[in-house]
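Subject: Structure handover

Hello,

Here is the structure you asked for. Please open it and keep it beside you while you read my notes.

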Amino acid sequence: MPPVRRAVPPILLACLLMTGCSSVQFGTPTPSRSQSPAPGAPGGSGRAIAVGAGPQKHYTVQEQPAAGSCHYRSEHGEPLEDPTCTPGAISPAVTQANLRSTICRKGGYTSGVRPSAYVTGKEKRLNAASYGYTGRMGDAEYDHLISLQLGGDPNDPRNLWVEPADPGHKKGAGVNNKKDPVETKLHTAVCKGQVTLAAAQQAIVTDWTTALTVLHLE
């Protein structure tokens, strides 16, 4: 049987005769698909934030990093967490779409998801050993890096650290630090629609001392 001769398509023939023509690909092109960021992924620049288990009916004491393995940093004179030990974690129960029924609802949200002092008390002592904290426990806060009012995970060990008192804080005066007002301002901005939930979470997990400035909230 004589070989079948196929006519060269006009568009290919024209392409081959043109100077500098690039290679031609045949077949049906695969349509490009825009994928949504995975849960916990940043909306723009910045590292992805882990997603925790979310609120639980019964919390259990979580394993903490090995004693002495975490190291405080200092920025603008304020203590910061070790990003390896405490990178932050968000709750899957709080999203941009359900703000009004979660962190922005009237009557509050945090009290219903916060672990008991029985659980966090034990975790705090273990985490103090992780960070080598030797100050008064009553002056240190067992802090949610991404606060509950910003959708932080309630009991993920990646989101909790023993936060020392601010420099100059009087010993024995109890917990009082400058991070708390920052969290409240961010919460207000999120609920007013001034910034997105993801932007607020990313700003505070990166550096709480600059979060308001980065988001143009001061």
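In which sense do β5 and β6 pair, and over how many bridges? They pair in the antiparallel sense, over 4 bridges. Two strands count as paired if DSSP finds at least two bridges between them. Helices (H or I, at least four residues) and strands (E, at least two) are DSSP runs, numbered from the N terminus.

First, the ground rules. This is a predicted model, where local features need pLDDT of at least 70 and side-chain atom pairs count only at pLDDT 80 or more, while totals for chains, interfaces and linings use all residues. Residues are numbered from 1 along each chain as its sequence is written, and side-chain values use heavy atoms, with hydrogens and water left out.

The strands
Glu 141 stands opposite Glu 163 in β6. Leu 160 and Val 162 point one way from β6, and Trp 161 and Glu 163 point the other way. All four are buried. Buried means under 20% relative accessible area, exposed means over 50%, and partly exposed lies in between (1.4 Å probe, protein chains only). In a regular strand the side chains alternate between the two faces of the sheet.

Helix α2
This helix has 15 residues. From its first C-alpha to its last it reaches 20 Å, close to the 21 Å expected at 1.5 Å a residue. The expected span is 1.5 Å times one less than the number of residues. The buried residues of α2 include Val 119, Glu 123, Asn 127 and Tyr 131. Seen down the axis, the buried residues of α2 fall within an arc of 160°, so they line one face of the helix. The arc is that of the directions from the helix axis to the C-beta atoms. The face turned away from the buried side carries the exposed residues Tyr 118 and Arg 125. The buried residues of α2 pack against β5 and β6. Gly 121 is also found in α2. Gly 121 is partly exposed, because its relative accessible area is 21%. Just after the helix, Gly 132 takes a positive phi of about 70°.

Thr 86
Look in the loop between β3 (78–80) and β4 (89–90) for Thr 86. Thr 86 counts as buried because its relative accessibility is 0%. Its side chain makes a polar contact with the side chain of Tyr 131 (2.6 Å). A polar contact is a pair of N or O atoms within 3.5 Å; within protein, one must be able to donate a hydrogen and the other to accept it, and residues adjacent in sequence count only if both atoms are side-chain atoms.

Why does the length of α3 agree with its residue count? At 1.5 Å a residue, its 13 residues should span 18 Å, and its end C-alpha atoms are 19 Å apart. The buried residues of α3 pack against β5, β6, α4 and α5. After α3 comes Gly 193, whose phi is positive, near 80°.

The largest nonpolar core has 34 residues. Such a core is a set of buried Ala, Val, Leu, Ile, Met, Phe, Trp, Tyr and Cys residues joined through side-chain atoms within 4.5 Å. Leu 186 and Val 190 are among the members that touch the most others. α2, α3, α4 and α5 each supply at least two residues of this core. Apart from it lies another core, of 6 residues, including Ala 128 and Leu 160.

Best wishes

Methods:
Contact means heavy atoms within 4.5 Å.
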